[in-house]
Amino acid sequence: MTNFARPVFLLIFSFLLFANALTDTILQGQSLTTSTSITSSGKEFVLGFFSPGNENSTTSSYLGIWYKRASKKTVVWVANRDNPLTDSTAVLTIAADGNLVIVVGRVSYMLSNISSSGNTSATLLDSGNLVLNDRRSGDILWQSFDYPTDTLLPGMKVGHDKRNGKIWSLLAWKSKEDPGPGVFSFELDPQGTSQFFILKEFQTSKQQKGFQKYWTTGTWNGQVFTLVPEMAMNYFYSSIYVSNENESYYTCSMKNPLVTARLVMDISGQLQVLTRHEMGEWVMLWAQPLAQCDVYAYCGAFGTCNQRATSFCQCFPGFQPNSVGSWNAGNVSGGCVRKAPLQCGNDIVANGQKDQFQRISKVTLPDNSIVLSQVRSAGDCQSACFSNCSCSAYTYDSSNGCSIWREKLLNVKQLKDDDANGRDFFLKLAASEFLSEGKGNGIVTTHNYLHYIIEMLIVLFSTQAWDLWKSGRGEGIKDPVLQDISSTNMLLRYVNIALLCVQESAADRPTMTDIVSMISNELVLLASPKQPAFSTSRSVPDQNSSKRLEIYSINDVTVSILEAR
């Protein structure tokens with residue numbers, strides 16, 4: 001009995017030791033399936049297959065590494081972000097030549113490409129690093145830290161290996177549910193300075209892509225990067241920048257091993273540093289750029305960014321997300337597209353209407369404007385844009401003249417109403433966008449315009465309006481009661497229309513149909529008004545007096561003045 005029990009005990013003991021060795025290591029001949037995983041020895045990280053977003057999704061899966069103790073699965077590394085798997089039979093194993101491979105049926109995806117004796121093993125460390133070791137020498141032949149995705153963990157590098165030309169960079173996910181390569185990246189300046197850039201990918205043509213710099217860390221001053229002062233106030237980790245003949249890179253180390261932190265190139269375009277709360281929740285230590293609307297063209301083409309809004313990005317009136325799915329998933333870089341095509345260049349005009357312009361107020365002007373120095377008036381500026389089919393918008397003011405934008409409008413930010421830097425521009429839209437009265441998004445209705453004109457007529461009869469207009473100081477006609485006219489161009493247009501309505505000759509005055517057309521369609525060019533059909537008052541009234549100003553007509557026609565309401 002004793003002789004029999006001893007080998008059974010040894011067999012069970014040996015099995016337990018072998019099973020324990022598998023908790024963080026894969027040996028040759030062993031496989032990791034879509035339903036199994038390994039955990040680092042200190043239970044910090046897990047390696048396994050996962051489906052982003054909906055965990056029950058079977059549409060695609062990835063091999064990745066994530067935190068064991070976080071309250072929500074937080075993936076820090078993805079092996080096959082360019083090749084999502086759709087087959088549940090996928091396994092991770094070590095091939096006969098010692099390389100790590102993902103096998104799906106008869107297809108193999110190589111994670112490593114090393115030459116070895118074939119006697120290797122893969123171990124997941126508590127640092128989050130998956131290493132492929134030579135079992136005889138103990139040398140590391142390959143490691144996941146050399147192939148970062150969107151996350152920098154303590155001990156990882158981001159920079160350049162000058163010996164072999166290798167680049168360590170962070171590349172954001174495509175969306176919250178797609179770990180494929182996104183449009184934002186974080187990498188060391190290839191010109192050799194000690195600063196890092198966030199780059200944004202953009203399409204230069206159907207076949208080619210380019211990258212645009214829109215934020216920098218500033219150079220390394222020996223302790224921190226000059227444009228990231230938050231680094232100096234951090235007590236959790238130490239920042240390290242190394243530059244020598246072999247390498248130039250940034251890395252970090254934790255001051256307290258009990259504290260967990262990570263640096264992420266987020267899909268929003270922000271570089272974020274987060275630390276894990278004791279309950280498993282993540283708390284942001286700092287993020288740059290500080291405001292997401294500071295990220296260049298964050299909302300894509302024809303989108304406006306409002307830092308104060310719950311959803312930062314909105315499409316311009318008359319536009320909708322280019323991809324609703326991507327937009328709702330948090331990837332707004334695709335921007336917006338027109339709901340209806342412009343009539344420009346099309347002989348068929350919708351409902352007898354032509355393209356029109358919508359005023360966009362209190363914003364930063366789009367980038368890459370084209371100045372038309374030869375244009376001297378708002379009307380000519382509008383005509384120049386209207387006659388150019390590639391023109392998307394225009395703006396005009398007496399100080400800067402006429403500017404237009406061709407094709408896409410980029411990097412527009414919505415500002416506060418009291419922001420002195422706020423500007424207006426006029427966006428070209430299809431006529432169909434104006435067919436229903438009373439649309440939102442800042443569209444001023446015909447009823448509102450009529451209200452302005454009526455009040456403007458009252459002002460004209462109670463001021464030296466004609467003299468101001470003739471002297472080129474028409475903006476001085478505005479009465480304080482007209483507080484919501486923010487654009488000088490629109491104010492002058494109202495004054496022009498009002499003066500046309502009070503010309504001396506009745507034949508010169510516009511009909512009500514003409515007036516509605518003038519105020520509902522900004523493409524209608526206005527004639528210069530002639531002498532108004534009233535004389536100035538015999539005295540200037542006291543602004544605080546309730547006594548009505550007495551007006552005399554020069555042609556003995558009585559004029560009734562309505563009280564403003």
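The talk below sets some computed values against their definitions.

Modeller: This is a predicted model, where local features need pLDDT of at least 70 and side-chain atom pairs count only at pLDDT 80 or more, while totals for chains, interfaces and linings use all residues. Residues are numbered from 1 along each chain as its sequence is written, and side-chain values use heavy atoms, with hydrogens and water left out.

Colleague: Why is Asn411 called buried?

Modeller: Buried means under 20% relative accessible area, exposed over 50%, and partly exposed in between, with a 1.4 Å probe and protein chains only. Asn411 has a relative accessible area of 16%, so Asn411 is buried. Its phi is near 65°, a positive value in a residue other than glycine. Asn411 sits in the loop between strand 32 (401–406) and strand 33 (412–413).

Colleague: What makes strand 22 and strand 23 a pair?

Modeller: Strands are DSSP runs of E with at least two residues, numbered from the N terminus. Two strands pair if DSSP finds at least two bridges between them. Strand 22 and strand 23 (residues 271–276) have five bridges in the antiparallel sense, and therefore they meet the definition of a pair. Across these strands, Ala261 stands opposite Thr275. The two form a hairpin with five residues between them, and Gly269 in the turn has a positive phi of about 95°.

Colleague: How many bridges join strand 13 to strand 22?

Modeller: Two bridges join strand 13 (residues 151–152) to strand 22, and the strands run antiparallel. Thr151 has Val264 of strand 22 as its bridge partner.

Colleague: How do you know that strand 22 is mostly covered?

Modeller: Five of the five residues in strand 22 (residues 261–265) are buried. Ala261, Leu263 and Met265 point one way, Arg262 and Val264 the other way.

Colleague: Which strands are the edges of the open sheet of four strands?

Modeller: The sheet has the order 16-17-18-19 with antiparallel pairing. Strand 16 (170–175) and strand 19 (209–216) are the edge strands, as each pairs on one side only.

Colleague: What makes a set of residues a nonpolar core?

Modeller: The set holds buried Ala, Val, Leu, Ile, Met, Phe, Trp, Tyr and Cys residues, joined through side-chain atoms within 4.5 Å. The largest such core has 82 residues, and Leu47, Phe186 and Tyr250 are among those with the most contacts inside it. A second, separate core of eleven residues includes Phe357 and Tyr394.
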